[in-house]
Amino acid sequence: MITSFQSPRLLLIGGGAVAKAAEVLAQFGLSRPLVVTDPFMVSSGTVERALAAPLRAAGIDPVLFSDTVPDPTDTVIEAGVAILKSGTFDCLLGFGGGSPMDTAKAMAILAAAPAGAKMRDFKVPAQANAAALPVICVPTTAGTGSEATRFTVITDTERDEKMLIAGLGALPLAAIVDYELTFSVPPRTTADTGIDSLTHALEAFVSKRANDESDEYALRAMRLIAPNLRTVYAEPRNAAARATMMKGATFAGLAFSNSSVALVHGMSRPIGAHFHVPHGLSNAMLLPAVTAFGLNDALPRYAEAARAMGVASAAEGDQAAGAKLVEELTALNRDLAVPTPERHGIDAAKWDGLIPTMAQQALASGSPANNPRVPDAAEIEALYRKVYR
């Protein structure tokens with residue numbers, strides 16, 4: 001069997017790695033970056049201290065585009081492309097959480113398209129394989145894995161739909177993965193992005209599109225993430241735990257980029273689009289129930305995941321290990337103070353009214369088809385009702 005495996009050409013991983021950004025650019029003959037970041041990274045001084053000032057010291061004068069938003073929108077992408085085309089840039093540098101990195105990747109894709117093209121033209125099942133410029137990613141959270149994936153997720157503002165966009169055009173040229181950038185991440189974001197990365201690894205492992213190579217990264221990611229997630233939530237300055245989480249998040253990104261995500265992500269995107277719930281948090285709301293839904297259809301896989309996470313022993317049978325996995329995911333939500341949609345403040349009538357639309361959007365994304373147990377619309381609607389309270 002032939003397996004295709006895609007990854008950035010360079011992964012620079014470790015504390016202090018961001019200081020070598022100029023060296024990374026030089027390795028590829030690049031010197032005119034448009035830095036895509038968010039308003040907080042600018043106002044907090046993080047992008048200046050960690051990236052812009054060291055680049056200038058190395059003779060590189062970066063330009064910043066910081067008008068990104070959580071859940072990146074097609075309108076922001078279009079604004080970014082206008083800035084991109086107004087200069088003589090030779091690369092994009094995504095600095096921040098998943099949103100700036102996804103924005104940079106989408107900008108590169110749209111900038112390569114003919115005039116008049118829209119981001120929706122690249123929505124799955126289309127293949128977004130062309131990019132106008134290379135993208136280098138510097139994540140500041142341990143979660144999305146976007147620095148290592150061939151995916152970007154962009155909201156269509158006219159249709160209120162989160163679109164999955166996939167292809168080699170979204171694959172970064174390089175990633176600089178520096179756990180020291182996560183020290184100041186608040187506990188809520190640490191928890192949400194951490195569960196996001198765990199979801200990536202678990203879904204990549206149980207996906208119908210899993211393969212031997214993605215399995216290696218998924219299992220290693222679960223071994224790294226699961227024992228450290230509670231620690232980084234409770235001890236934000238724990239360097240060893242932060243470093244392990246950051247590496248695990250990148251490995252989880254490599255895993256799902258070469259396998260796929262499944263039902264959790266398919267159902268999560270509409271929640272983000274309609275209710276503006278952070279992506280990792282909406283994943284967390286869904287993860288225990290969706291795992292229980294598909295458990296018996298891939299029990300050996302879920303059991304192996306439980307063992308990799310350290311919540312079941314090698315001596316335990318698959319049924320016991322699978323049950324412990326669901327128990328652990330439920331306990332993790334409790335320990336990390338993950339609210340239900342109701343406790344998050346989402347109105348019950350609005351939630352119920354949008355369930356049919358969200359179910360159709362989840363199915364249209366294609367991700368539920370990768371789930372061990374492939375649901376129909378009625379089953380997705382039932383799951384949305386189940387997790388509300």
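This is a predicted model: local features need pLDDT of at least 70, side-chain atom pairs count only at pLDDT 80 or more; totals for chains, interfaces and linings use all residues.
I number residues from 1 along each chain as its sequence is written, and side-chain values use heavy atoms, with hydrogens and water left out. Local features need pLDDT of at least 70 and side-chain atom pairs count only at pLDDT 80 or more, while totals for chains, interfaces and linings use all residues.

Entry on ring pairs. I took rings of Phe, Tyr and Trp (its six-membered ring) as paired if their centres lie within 6.5 Å, with planes under 30 degrees apart stacked, over 60 edge-to-face and the rest tilted, and the count came to seven aromatic pairs. Phe151 and Phe256 are a stacked pair, because their ring centres are 5.6 Å apart and their planes lie at 5 degrees. Both residues are buried (under 20% relative accessible area, 1.4 Å probe, protein chains only). I also noted one aromatic cluster formed by Phe275, Trp351, Tyr384 and Tyr388.

Entry on charges over rings. I looked for NZ of Lys or CZ of Arg within 6 Å of a ring centre and within 35 degrees of the ring normal. The charged end of Arg237 sits over the ring of Phe183, 4.3 Å from its centre, and Arg301 lies over the face of Phe205, at 4.3 Å from the ring centre.

Entry on cores. With a nonpolar core taken as buried Ala, Val, Leu, Ile, Met, Phe, Trp, Tyr and Cys residues joined through side-chain atoms within 4.5 Å, the largest has 81 residues, and Trp351 and Tyr384 are among those with the most contacts inside it. Apart from this core lies another, of 28 residues, including Val81 and Ile154.

Notes: Buried means under 20% relative accessible area, exposed over 50%, partly exposed in between (1.4 Å probe, protein chains only).
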